[in-house]
Amino acid sequence: MDRYTELFLEEAGEHIETLNQVLLQMEREGGQAELIDEVFRIAHTLKSSAAFVGLEHLAAAAHHMEDLLQQLREGARELDGNVLAILFRCLDRISATVNRVAQGEPAQDHFADLIADLKQARAQGQKGKSEATPTSGTEAERPASASPNASPPTGPADVSAPQPPADSSGDATVPPTAEERWLTPEEERRLQTTAGTRPAYDGEVILDPDSPMRNIRFLLLMENLRKLGELFWCSPSEADLDAGSSADRFRFVLISETSRTELAKACRIDMVQEVIISEHQSAAGTTAGAVLKAGEETRVQTKNIKVSADKIDYLMNNVGEMVITNSGLLKIYEDLERDLGEDSALSELKSRIDGAARIARDLQTGIMKMRMIPVGLVFHRFTRPVRDLAAELGKEVRLVFQGDDTELDKNIIDALPDPLLHVLRNALDHGIEPAAERTAAGKPPQAQLTLSAYQGGNNIFIEVKDDGRGLNTTRILERAKSAGLAAADYRPASEEEVFEFIFQPGFSTAEAVSDISGRGVGMNVVKTMVQKFNGQVRIRSELGQGTSFLLSFPLTLAIISAILIRVGEEDYAVPLSDVIENLRIRRDEITRLEGRTIYNLRGEILPIHDLAALLGSGTGKSDHATEVPVLVANVGDRKHGFVVRGFAGKKEIVIKSLEQNYRNVRGLIGVCLMGDGRIVPVLDVQGLLAVAYGEEAPAHPTNVAAVSEYNDGVQVLEERRAGVGARRSIRERLRLAAGVGSPGPAGGTTTLLERDIEPVVRPEPTASDLSEWESPATVEAASDTIAEVPPDSAESPEEELSAALARLHADREERRIEALAALSVADDLPQEIDRVAFDKLYEVINAGMMNAGLVLSQLLGVSIEVSVPEARVLDARQLAEFVPEKQVISVWLEGSGDLQLDLMLVFDERNGYAAAGELMGLPAEDWIAEKIPETDLESVLSELSNIVGSSIFNALANKSGLDSQPSVPDFLHATSQELMDRFLRKHELKDYRIIYISTDFYRTGMELVGRLFLFLPRASVALVSERL
Amino acid sequence: MSDRTTQKQTEALALAEAINNEEGTTDLEQYLVFEVQGGVYGVDILQTQEVLKPVRSTRVPNSPPEMLGVINLRGNIVPVIDLSKKFGHAYSTVTPATRIIVCAFAEKLTGLLVDRVLETARIPAGSIESTEVRGLSRQYVVGAGRSSTRIFLLMNPAAAFIPD
């Protein structure tokens, strides 16, 4: 179906609806001019838009309808039952054709008989007015040619019968509203010749009635129009305007390539009240080149736009995603806050996240409001069926609407017509008495059927109320018993119980099965539909006074309030509307009676069900508390208790269907998403009871263990993959082990720690492990990246290192000069450190590094040795020689306390990734930038530095009694030049003694080379020398 | 959703065509080949939407044993089927190679949990041999295909994609 057909269907639906209402009004109140105009307008629009999408027969019928209406407008004939009947027939036939097209079927109706009748009706009304448009000719020969053109909808009584050409009429004194002319057929032909392929527009400009000098304004307007195209025709004519015409509306036909919007803009001169522009209607339908739909009128004041529900759903989904993303951000913030403590930048981040969350919520509310539609749209559809049905049954009924502007969720609106029709039919068929019976009962002969909508609390109520004979409980009960719905000796406890039978499938009290109701399916449908939307039906009835069906729906389907409960190890949501209360009841007060467990709730028998058993959730950790939490829910006006493990609060949820990708599940309404993206099933208490009472035995053994095992596996993977484990637990562990106080909460991480310390199972590196597929991969990605991953062909770290060293030596001199230039270090030599002091210091450092190696070995469960093969004192100018070239990964720690001592650990890139990968427990081929996110690299190496730094600081403190603590690590992954700039410029290097320590980390078969630099201010040098 | 799926499929189709033209061969079909409990299977790549690393799922009560619950795929609720269990083996164990292949079939998305994804096989159209495979009913497998490196069993999407 093309877009234009879709648009046509959408529009036609509305027109048919309006037509229906107007015709009914005409029937009631007679054919006032406005009503006839309205019908005429609809017929006209239908004609042109149908022709545009190729429904010529429909267009022809609409055209003949128009002709007949034209007679009425002209006053050439009176509106009588005959005309109304044929108009109603037109409506039905058009509606049927539109429905066929909507279902993708060809429109087979040729309307031939209807057109003949229309012609005949018109001929009868002709009354010898032979000058009126002839009706001869077949449909094919005679399309819309002689039709009046594009009458504006608000235009008062148009007279478009052939008239002398407008420009020949010099009569400017006639009141402008009384006589308005558009093109004669002859002019029409001339227009076509003149316009050729250019589009033509009909326009009407209405001035504010109070505006002075109207003729001048219109002349001005004419000028504007002439700039845009060829002004083919206008009324009043230029001559009239010059002569001082006082008309307050100006009509014109303009041939122009300008867009309609532009045209409308040009018409917006001062004091204009309304501008109506439409494409010109001619014999050929639309003129060539016109791309917009024929007959569509642009009202500049339009405030409403039509949006397909799909687009809104799309937006809704995305906003939901946004809300979830936001809570993810919030979680990151919380992690950061825990790791870093209070910080002004962080609180700024928090306020931004809060802001974004607020906006997302507003958007969500706004989009939900877009889904709300006034219920009147459904109500007014019933006018006609009720009228027809009442007539058929020979009953006099007045249908009254109340609160038809009450808004309801679109999904409910869409589902409402059928059940509502059943209720209405039921009322007409059974509820409302024939006039004679009414009169006998002292009621007015005309019955009143009220269809009302109103909001109460969180619910929308729709009520169908009649003043008929009311429900006869005795008869209902008899019928129920004879239909086998109730035992012969059944004694109802209340009227409500009796009314419930009406909703049973197979129940009908109608004596004869009629076409209208009484097929025994109707009311059952009502209940099913209402429950599907989480609503309820109530019946109130008083014998002899009338019956009322009250349908209640939640305010919006999109969001409902729910209570979160725990069952076993799982979470579920229960719609709040189903919940009556939460209780804690004593186990020993639950009694067993005939195989059922019950509880005496304030004198009422409360059946108790074990939710874990119903859901196959497993019992979880069985607790032997004397009291158990029980959720009391309302199921079909009866209370039922469900034993749960606990309550987890109330939450607004959006229900998502399981049916979309799976199927409906007994006992579940659907699922909902939590803020963190987790899925929580939403329970359908009614369905659960069916399971509980064995109507629907659980078909499958529970898969709770399998799913939980799967999720455990996923969690282990996720921790390792996302680096969460690496980041959090290594950090925590390293801190703890290095004797540095952990800033995080003491508990909580222990389980993570334990799990991570276990030797990591390394997956066998498989060439076919398709890493490229893991991102939101598309199919195309799959098709070209599944090439076998080549084995890591790069040099081994050792080879790489020696190559790098060789290059380093080669251009050492050059680099040194560069570095010096960058640093502008003063050319004075550092004061020598006391040889003895240096030896002592070296000893301390060595001890510290050995300790660091021990700590690392313990943490990683592998043997790691740290050795310090070389240590020397450098001067600032020599520093550059000892920094690896190209990309470096480095961490700087500032010590503070008794001794001021800064520490810098530097890796070249290859060794840096290797160290991080090793610490994260990744397989060797993953020690590359692509596999280790920068954040993980930073946190892991920072922690490594922390270990090394802390070990050295501890060793120093032990030996010298000088107690210092390292600062937060400052991480840099950049070129060696940037490293110099960033780290070394911080200090006046000439004031420092630099101790370079080559640091090797050994693991079985593996050597990692790092470089450690200690920066000692002069004062510290003296202090260390003294203490050591 | 189905829009996106269709679009993806169209893209994939276009790509497949492009590849065909490039190679000068006619009518290559692509199959995503994966492993379940040591068995090698394939599905038509046009019936797949994406491949995911395993993500947390939520159990659906009263669902068949092979149904590992539902996952949240960008707001879509997608069921996950443990193919190992479905084929009558034990439940699969999650390893770093485990993947969920999201398939689109009959306008529904289903995730298939597999032990590992092996390759995308391009094989000439019509070269799938319809064979009886012992031990596996035709309910699940409709034939066998041969890529350059391996032979795989072509899954019958109707049986495996649509959960009971």
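What share of the 164 residues in chain B is buried?

1. Buried residues (under 20% relative accessible area, 1.4 Å probe, protein chains only) make up 57% of chain B. This is a predicted model in which local features need pLDDT of at least 70, side-chain atom pairs count only at pLDDT 80 or more, and totals for chains, interfaces and linings use all residues. Residues are numbered from 1 along each chain as its sequence is written, chains are lettered from A and ligands numbered from 1 in the order in which they are written, and side-chain values use heavy atoms, with hydrogens and water left out.

2. Chain B contains three helices and ten strands (DSSP runs, numbered from the N terminus: helices are H or I, at least four residues; strands are E, at least two). Along the sequence, their pattern is α-β-β-β-β-β-α-β-β-β-β-β-α.

3. In chain A, helix H6 spans residues 185–195, with A:Glu187, A:Glu188, A:Leu191 and A:Ala195 buried. Seen down the helix axis, the buried residues of H6(A) fall within an arc of 105°, so they line one face; the arc is that of the directions from the axis to the C-beta atoms. The face turned away from this buried side carries A:Glu186, A:Arg189 and A:Thr193, which are exposed (over 50% relative accessible area).

4. The cover over the buried residues of H6(A) includes strands S1 (200–207), S2 (230–235) and S3 (249–255) of chain A. Just after H6(A), A:Gly196 adopts a positive phi of about 60°.

5. A:Leu340 lies in helix H10 of chain A. This leucine, A:Leu340, counts as exposed because its relative accessibility is 53%.

Definitions and conventions
Contact = heavy atoms within 4.5 Å.
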